[in-house]
Amino acid sequence: MRKAGDFLILIVALLAVWQVLHMIAGDTTLTSPADTFAKLGALMRTGQFWANVAETGQAFALALVISIIGGVGIGTLLGLNRTSGTVSEPILISLYSLPKVTLYPLVLLCFGLGMSAKVAFGAMHGLIPVALFTMKAIMHIKPVYLRTARALRLSPGQVAATIALPAVLPEVMAGARLGFSLSLLGVLIGEMFASKRGLGFMINSAMGLGDIATIMAVAVFLSVFAVAANALLLVIDRAIPR
Amino acid sequence: MSRAAVAPKYPSAMPAPEVHARLTGVTRIYGAGTSGTKLHALGPVDLTLERGEFFSVVGPSGCGKSTLLDVLAGLAVPTDGTVEFEGKAIRGVPDGVGVVFQEDASFAWLTVRDNVAFGLRRAGVDAAEIARRVDYAIGFMGLRDFANAYPSQLSGGMRQRVCIARTLVLQPRLILLDEPFGALDQQTRLLMGDELLRLWRETGATVLLITHALDEAAMLSDRVGVMSARPGVFIDFVATGWPRERDSRIVSDAHFGAITARLWEKLRAESLKSLGSAP
Amino acid sequence: MSRAAVAPKYPSAMPAPEVHARLTGVTRIYGAGTSGTKLHALGPVDLTLERGEFFSVVGPSGCGKSTLLDVLAGLAVPTDGTVEFEGKAIRGVPDGVGVVFQEDASFAWLTVRDNVAFGLRRAGVDAAEIARRVDYAIGFMGLRDFANAYPSQLSGGMRQRVCIARTLVLQPRLILLDEPFGALDQQTRLLMGDELLRLWRETGATVLLITHALDEAAMLSDRVGVMSARPGVFIDFVATGWPRERDSRIVSDAHFGAITARLWEKLRAESLKSLGSAP
Amino acid sequence: MTREGWIRLLIVAAAIAALEALCRTGLIHRTVLLAPSEMVVSLWHILQVGELNDDILSTLRNVLLSAAIASVLGFALGAVIHALPRVRHAVEPLLASYYAIPTFMFYPIFIVVFGVGTQAIIAIAVLLSIVAMITATLTGLDRIPPVLRKTARVFRMSPAKRAVMVDLPAAAPYLFTGVKLTFAYSLIGVIASEFILSGAGIGYAIAYAYNNFNNPRMYGLMLLVIIVAVAANTALDAVDRRLQARLRR
Amino acid sequence: EEISVTQWGQSLYGAPFAVGMDKGLFKKAGIDITGIIGSAGGGTTVRNILASATPYGEVALPAALAAAAQGGLDLIIVNVGTHTVAESSLVTMPNSDIKTIDDLVGKKVAITSPKSSSEMIFLMELKAKGIDPAKITRVAAGGYPPALTMLEQGAVSAAGLIEPLSIIRKDRYRTVLAAKDVLPPMTTSVGITTREFAKAHPDKLKAIIAGRRAAVEAIYANPGEAAAVLQKMWNFDPAVAKVAVDNMIGPKMWSLGDFDRAELERTVDGLRLIGEVKGEIDWSKLIDQSFLPADLQRKL
Ligand SMILES: Nc1ncnc2c1ncn2[C@@H]1O[C@H](COP(=O)(O)OP(=O)(O)OP(=O)(O)O)[C@@H](O)[C@H]1O
Ligand SMILES: Nc1ncnc2c1ncn2[C@@H]1O[C@H](COP(=O)(O)OP(=O)(O)OP(=O)(O)O)[C@@H](O)[C@H]1O
Ligand SMILES: [Mg+2]
Ligand SMILES: [Mg+2]
């Protein structure tokens, strides 16, 4: 309970800092928390806002699904063999640390502007961490687990389903949490650079119009969503015995 | 390699000898097939386990004890020599052999009960039978209060007991234990030894126990094999001559001291050797 | 709490008793100051260490042995009672006390040589003297070939030796050792014990050794304190009566078996108690 | 080089060769992707003409600057948060979900606080990368074995001495991992801000070339970014691995 | 069918499409336009057009020229969209001592980014006023709002601005120079398509162009109604929408679609100023008038 209280105090402190910044910077550069929430409330009563949310949400959901399924698949394939794992790890890490935004034009050239490009770009961000975590988890399954499997004379299918999968679940979850965050970031960056709909587009238009209230309202909306979703993932994560 | 060099104080209570498993001229060389560096880990070893015997292996660290177990369990193929179990040459892990590894092999994602039931479920035993056997094994291993706990909530020693229970429920005829009490302090170890003895008596299984602790070996076994530094070969077999009905109280027996001293003597030279080598 | 319940076989070689450290009515309760759950870890304990004595502590896991060491080293303040070293009540770690911890405390970022020299450099000893003492300690601990290695390149046992050397070079008058050989197998342990005995003889320091291994305690000590399950109190002191000149060969002595049996007897009941409790 | 290293090199070379072949045979159209060899030629040309050198240098300078700021500031913040367990408990869920928040949204605010130009971009990059350093610092300080602190007390060291001579080296591998991540995220942050928001730097030049159908220049610059990222990452990784091997146990 | 329009929803370029869709004028002309793909503008829009099923769209002329020149893309210009830069202005702080553009000599001025239309217009204004551009430092702000922030912070003495942002914030700044006062009409946006599509579906193209023309006529006939459509479709503030449309009626922002050689060349002159065009443009290769209504076709 004290933990929840502390978290509340933190939120209040953040709002206070925001308010102070607002008072220093003025209305045109940083709207006050109250105004922002009012703006967010107004936005949330318009159908257009929800259309944008749906657009971003759809792209994000697809990107996330691709990231997780693709990442787990690739990670598993690469992790099963020591050599392929060792060979690909630095490649994956390099891809991870690449500023992928520079490749966005290429994505646009391949997929055109629209849903598929956004999904592809989101998945580019999310897939690699999931693959990396999965691969490392598979490579580092305790050898004694596999020896136990042999001692119990399990079939390869049984090993995969009853030992390998549950053994790597915690790491895969950790990867999925990072994948979640980065896919969302990827989709939003994609929408900010080139798009016709979605929250990123909304932010970008608002930037073009200097409409700080909308920017902050969307920022708050996204932040609350991200923190809440991550908290949920953390709860699931903690529920996995390890 | 004299047998029973220490005169048995009690009459032997072993049944008439019958060969249960046999290793003949077994060696194991890691990296034997490849061009890389080879490591001669074990052998040549000759060993006969009699049915129902409690046999312990002691030897310096890294001498090849776990390798010996792997070969006997069919988890590793000997580079040379033959391994037989119940009269047949083994290929893969034979039915009727149970293994408890040196490392903690409890499945972190399953409760104690599910861990213990794991092998039975894979083997397709029916649910009522599983419940019965699992309950018995959990009780036997003193885990009743922790049946629904996860391994992370248990101490190292308790986890090792989970692994033992998981192996036991399958009712193996040959049980291979690789330092199952390594995570425990010496006192608790000896008490766990009592449980192991009870188990051995009740099931009539053949037991091969690998251990660092000389007093553990001296107290539990019918016979102790002493291994040399790597590549491990048996440099001595010591028959203890304990009755089948025995428990840890025998440590206050003078004969126990004599066995320990004998084991220690044999190992001293070997230990000095292996200590001198690299980390 | 009878002393010397096992009749000494050899005449005692200890010098005339002189109190070096003294604990009176010491208890330690974790979380005593806070509103959270309290944990009574130790005591009340009375203990007197005589100058030049080799004293060992055995006791079930978690009984408060490390806590006792912390209190004696001035690393923890007792909740109750007083601690004296060389006649003065201690506050903080007193000069002249060296500690080797249960966990590996070697500095991973320093070579073996720099690890060993660490304390001397802090104390501002001059370079030539440091080199001399460090070389000696490294040689003594059998680390000469690894002087320029980093701890990560050493085995657990060797790292523990680095920590011992690092403590030794400071020439402490009271050496506190918390299971320094926990990382080693029993055979190697006893051999390291020989080194420890040699060291003790050469320096004339007072040694307090915490150990799990009863034969280690029985072989090395002038006197062994047996602790109860938590909260640990001394339930017995066993004087071994070994001569000052002794080594691991005494394990084949019948008197050794008698001491071990005595220790074991005392611990059996305690171990049973602590085994029944939570992980 | 290890066997794995050679295989890795081979795979990368094969991938590049395959791309080259696909482009040369026209299976991938020139308007979509340039052949790798042409990218190299274009990059060489860009560097030789020097028209963009200022942009390139300013981008690299900004990356280094923000990585440095984020490392130092992140370490300081991490140390403070570590010392205050209650603050830490409250902040941790935010740190965990931090990367889902698009930092770029706050650009307009940064402009007010830091003014237009490089400072605002550096601020975004710092904001993006600092969390990695904070997290690494927390992990590093957590992982210092308590026995090392006890040892410091036995050697009767002052807290300040202990911090410098024991805590810092003991946490160093984790801290360096933080620095490595900080660099990666700074690179991402600087280039992405330039790409979306600014009027200068490599990121802007790429977006500009994209808009003006200058594919050779676009791909030349992309290649440059990839080379910088991979080279920096490889170098930092090599140091990281050596530290890990030596210091972690 | 979906077509692309640059800066859809952000500036007034796309107003005819909004009105046309709202009033069913495209349907009347024989094509059902269901949606508009908007985008940041420039080359992105061109690329979008080329990638879509109905590759017609309205883009900035510079982007079309760059695409044709650099990208080696097979596209043609089929109609004119807008032909004024009247929405641009140069502003300063109300209390500033900058009264005319001449006062800027030796000072700093914020533009969005190098080689952007904001820089082009600024340079054209300087040229029209006979001021040496070398005497004024141009600072790239990255966008209009940041440019205004620089202005407010005193980092620059003036900043380029466009509508509707300038309408929304009109109380906060003082206009130094309105582009419509110095710069004559010039082609700013054009309709483009691929040669391939033009050959395959000339009727569709003709319908789009005709529908758009009808919409432009409707805007001029009833600006109030047009403002209401923008307010509805783009969520514009009613007052802003009204002023924005009214401001563009005077300079006749939206073209019916016909080409004017002089207006085209003015834009190209501007592009020469920022170094985007070197040499002459061969209009005959780029422009295909055959899809325009007959009354709008003329010799270039
Ligand atoms: N898979 C392997 N590949 C190469 N060498 C191995 C492998 N497994 C073990 N070894 C080496 O073989 C030797 C014997 O190993 P083994 O594990 O059998 O010893 P052990 O007697 O069980 O040691 P411990 O007492 O430490 O458990 C050791 O030197 C070890 O390093
Ligand atoms: N800092 C602490 N806070 C709270 N409880 C502690 C702390 N340190 C130790 N304890 C608890 O106090 C009891 C005694 O711990 P201590 O480490 O002294 O035991 P020990 O005899 O050294 O055990 P072992 O043989 O496992 O080393 C244990 O139950 C332990 O969990
Ligand atoms: Mg082993
Ligand atoms: Mg302890």
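Is B:Ser66 buried, partly exposed or exposed, and what is its relative accessible area? B:Ser66 is partly exposed, with a relative accessible area of 24%; buried means under 20%, exposed over 50%, and partly exposed in between (1.4 Å probe, protein chains only).

1. Basis of the note. This is a predicted model, in which local features need pLDDT of at least 70 and side-chain atom pairs count only at pLDDT 80 or more, while totals for chains, interfaces and linings use all residues. Residues are numbered from 1 along each chain as its sequence is written, chains are lettered from A and ligands numbered from 1 in the order in which they are written, and side-chain values use heavy atoms, with hydrogens and water left out.

2. Magnesium site in chain B. The magnesium ion (ligand 3) has B:Ser66 (OG) and B:Gln102 (OE1) as its protein donors, at 1.9 to 2.3 Å. Donors are N, O and S atoms within 2.8 Å of the metal (3.2 Å for Na, K and Ca); water is not among the atoms, so sites may look incomplete. B:Ser66 belongs to helix H1 (residues 65-73) of chain B, and B:Gln102 to the loop between strand E6 (97-100) and helix H2 (112-122), 36 residues apart. Helices (H or I, at least four residues) and strands (E, at least two) are DSSP runs, numbered from the N terminus. B:Gln102 is partly exposed, at 33%.

3. Magnesium site in chain C. C:Ser66 (OG) and C:Gln102 (OE1) coordinate the magnesium ion (ligand 4) at 1.9 to 2.3 Å. Because C:Ser66 lies in helix H1 (residues 65-73) of chain C and C:Gln102 in the loop between strand E6 (97-100) and helix H2 (112-123) of chain C, the pair ties together parts 36 residues apart in sequence. C:Ser66 is partly exposed, with a relative accessible area of 25%; the value for C:Gln102, also partly exposed, is 33%.

4. Chain pairs. Chains A and C share no contact, their closest C-alpha atoms lying 14 Å apart.

5. Interface of chains D and A. Here 49 residues of chain D are in contact with 52 residues of chain A. The rule finds one salt bridge across this interface, where a side-chain nitrogen of Lys or Arg must lie within 4 Å of a carboxyl oxygen of Asp or Glu. D:Arg241 and A:Glu89 form a salt bridge through their side chains (3.8 Å, N to O).

Key: Contact means heavy atoms within 4.5 Å.
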